[in-house]
Amino acid sequence: MLFRSGTGSVAGIGTVVGDAVDFEMVNSDFSGTNVSFSALADGATAGGLADFISLTNSTANLSAGLSFTTPNSFSLLLDQSSLTAPFVSIAARNWVLPATAPTTIGTLTGTNTLSLSSLQDIIGYANLSTQGNLTLQAGGRIDLGSLFALGAVDVTAGGSLTLGDITSGDSIDLTSQAVVAVGNMTAGTSITVQSASNVNTGNLAAGSGTPSGANGDLYSVGIRSGGNVLTGNVSAASD
């Protein structure tokens, strides 16, 4: 297990010229309370090494939370690994892929809530899971594995949106300014997809059983597209 970080300050403009904060595990198990990484700078050098979280054949369990904030590029690799904390928040200027793809993609779990954000892209080798709400916010494209949340799933991409299967105990809301390509989507209430381009999905299922009264209007599937739409089977309990 390797932790690399540091502290310091400058009187003028600070620039990240290489990877400033890293969390790496190989063939290891780790249990802790709270892990927080933060790099503070006015900017980052273009083409510099990315900060990263990288787990290979490893398991990390935190009892409090995981916070990772950097003005630099960031990469996430979970290879046959899991990283779990009650609260997970990762924010970076841009997300990039690590040099090596995983043998099997692992899972990043924020038990209570999980939030990922980027001024540019969010791309990484990881599935995401939470018992609360799951939020992804990117100024560019989003490309990740499958998503699971007992709460709502809210995803906004300024570029293309590529995901595996998506499961929510509440609602699924996807917004993209480019192509949307996702797997099967299953929601406890509603599924909404908005795209300025084509939409390609697997099977869509919203709600179950016979809706009545206040919850009847929540069981719905809605797709608004600026291009072509291709889906699998579509079902909504209020249809």
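Because the model is predicted, local features are described only where pLDDT is at least 70 and side-chain atom pairs only at pLDDT 80 or more, while totals for chains, interfaces and linings use all residues. Residues are numbered from 1 along each chain as its sequence is written, and side-chain values rest on heavy atoms, with hydrogens and water left out.

The pLDDT, which is the predictor's confidence in each residue on a scale from 0 to 100, has a mean of 87 over the protein chain, and 83% of the residues reach 70 or more. Over residues 1–18, however, the pLDDT is below 50, although this stretch has 39 contacts in the model beyond near neighbours in sequence; a contact means heavy atoms within 4.5 Å. Where pLDDT is low, the predicted coordinates should not be read in detail.

The secondary structure of the protein chain consists of 26 strands and zero helices. Both are DSSP runs numbered from the N terminus, with helices (H or I) needing at least four residues and strands (E) at least two. Strands pair if DSSP finds at least two bridges between them. Strand S7 (residues 59–79) and strand S8 (residues 82–95) run parallel and are joined by eleven bridges, with Asn-61 opposite Thr-84 in S8. S8 in turn pairs with strand S9 (residues 107–118), again in the parallel sense, over ten bridges; here Ala-85 stands opposite Gly-110 in S9.

Turning to the interior, 45% of the 239 residues count as buried, that is, under 20% relative accessible area with a 1.4 Å probe and protein chains only; exposed means over 50%, and partly exposed lies in between. Beyond four places in sequence, Ile-142 touches several residues, including Ile-122, Leu-136, Val-155 and Leu-163.

Finally, Ser-146 lies in the loop between strand S13 (142–143) and strand S14 (147–149). Ser-146 has a relative accessible area of 27%, so it counts as partly exposed. Leaving aside neighbours within four places in sequence, Ser-146 is in contact with Asn-127, Leu-128, Gly-164 and Asp-165.
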